[in-house]
Amino acid sequence: MGGRAARPLDKRQQEHVKGQVDDLLRSFLPGYRRQLAASVLQQISRELGPQESAGCQLLRSKKLPRVREHRGPLTLLRGHPPQWQPVFCVLRGDGRLEWFGHKEDYENGGRSLGSTALTGYSVLTSQHGYLHLLDNLCADASGDRAQEESDPLWEVAVSFPLFLQHPFRQHLCLSAATREAQRAWRLALQGGIRLRGTVLQRSQAPAARAFLDAVRLYRQRQGHFGDDDVNLGSDAEVLTAVLMRELLPALRAETLPGLRGTSRAKAWAWTELLDAVHATVLAGVSAGLRAFQPEKDELLEKLERTIRPDVDQILRLRERVAGRLRAEVQDSLEPRLRRDVDPQLPRITRILLSTVEAPLEGVRTLLDQGMDRLSRHLRGNPSGPRLRKEVYSFGEMPWDPELMRTCYREAERARGRLGQLAAPFGFLGTRSVVFGAQDLVQQLMADAVTTFLQLADQCLTSALDCGQAAQQLEKVRGRVLKALPELEHEVLAVGSQALTPEGLYEDVIRGVLLQRIDGELKKTLGANHVPRTLAGCSEAPRDQEGADV
């Protein structure tokens, strides 16, 4: 690259970063403990609350979210100085990318040259776009770009690039041999990034919900309000991102003036330094959370034993206090809602619903095509092996990035519309919403496929000829498609606050707001299509600490 490699952190820097990690954990863990109690209460109240009627519902797929393992030859920019070198890359099912010197090294179980979890990365396929990003990374560093020498490494055009960019880690620069390979890798890498990013959001465990709420409240105490994408990743990765954002201004001020070389060489050295800091923070946070794990497990067991016998009394107390608070704030709140909330609701509702409507319609289309394909094969009296292959392919549809790309692309197209919420509302969580919509359509497809195959297995017998079997499949097809519209309106979900005065106060405000949202959804979706999760505000409390309402 023409620039010096970033030196590893010296002992003083490592001790400083470790001290920052210790401070973070000391401040964060007490709030996490409190949120565990709130999440256990929420889970118990849901278990004891009224259950939805069976009706025409899809069966829940038991397959865990995953990405298809993808592998093949690529070229990677690596070494000091960096050079383009051939490697054999493997994307694992858990969203981890590894690269080997040769294909044989992978096949023989050899050690990889390197690996990385894809959490937080973005994929760029434009060399011009990536170079523009590099040029802006150190834009405030000293030096005149107009007079600097060109860097020959970046002057060579890369035919089918795959640039993996991360805000706090060293970038990965890859190149495929063909456009088809580039596209296949892009889809696979995007799937791995999303899988790693939404692990906490997909979890139903009380600890996951408690952790996300504790992060939100911790950041509010630091003066950060609103939503962004910092909560993507595992618990250790999320806390690492939180601390990296806090450290970044000081790192830039201390490091950038001392970097030498071309602007792109300085940018590369900067990402190497960030990677070293990130690795140190992640190691420290991971160790701290591992040390907290036994205490957390013991606390969860104790909370289960103590809360469950008294849950009815706790919830009755909550409702009494909430009722008094609701009466106190209603008169002063109504004028503010009419002035600040009511005019904005139609726009917000249209933007958020558009994020999921097109992807869900894509699921319906793909599912219909897949079921039609199975029926046609059955009518054609196929051989046993051929039919089994078609059934297997149908069952793998949710995990096929090429098939699902239409649905995912529709969610990606919502980024621009979601960006309209940034200026007026401070909403910066666009990526989280897009990932959530993509997770939703993948889960919906998995559930629909599971339901179809199970119902088909129940109604198809050896006594039926191909025509009769095809007729039975058509009936199953109708039942599955009928279930989809009911689930399309389960997109929005809300939680409540815990049994503290501050938490109950926020819960009351939220309940009044939800009444407004419920009314706007009725107008937008139709009175019969209001999400049941928005019908009231009677879920169990969630937050122990009140937010700044």
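Colleague: Which residue in S6 is the bridge partner of leucine 124, and how should I read such a pairing?

Modeller: The partner of leucine 124 in S6 is phenylalanine 163. This is a predicted model, in which local features need pLDDT of at least 70 and side-chain atom pairs count only at pLDDT 80 or more, while totals for chains, interfaces and linings use all residues. Residues are numbered from 1 along each chain as its sequence is written, and side-chain values use heavy atoms, leaving out hydrogens and water. Strands (E, at least two residues) and helices (H or I, at least four) are DSSP runs numbered from the N terminus, and two strands pair if DSSP finds at least two bridges between them. Here S5 (residues 122–124) and S6 pair in the antiparallel sense over three bridges.

Colleague: With which strand does S6 form a hairpin?

Modeller: S6 forms a hairpin with S7, with six residues between them. These two strands pair in the antiparallel sense over four bridges, and phenylalanine 163 has cysteine 173 as its bridge partner in S7.

Colleague: Which way do the side chains of S6 point, and are they buried or exposed?

Modeller: In a regular strand, side chains alternate between the two faces of the sheet. In S6, Pro161, Phe163 and Gln165 point one way, Leu162 and Leu164 the other, and all are buried (under 20% relative accessible area; exposed is over 50%, partly exposed in between, with a 1.4 Å probe and protein chains only).

Colleague: Where is threonine 271 found, and what does it touch?

Modeller: Threonine 271 is found in helix H9 (residues 263–307), and is buried, with a relative accessible area of 2%. Contact means heavy atoms within 4.5 Å; leaving aside residues up to four places away in sequence, threonine 271 touches Leu137, Arg169, Gln170 and His171.
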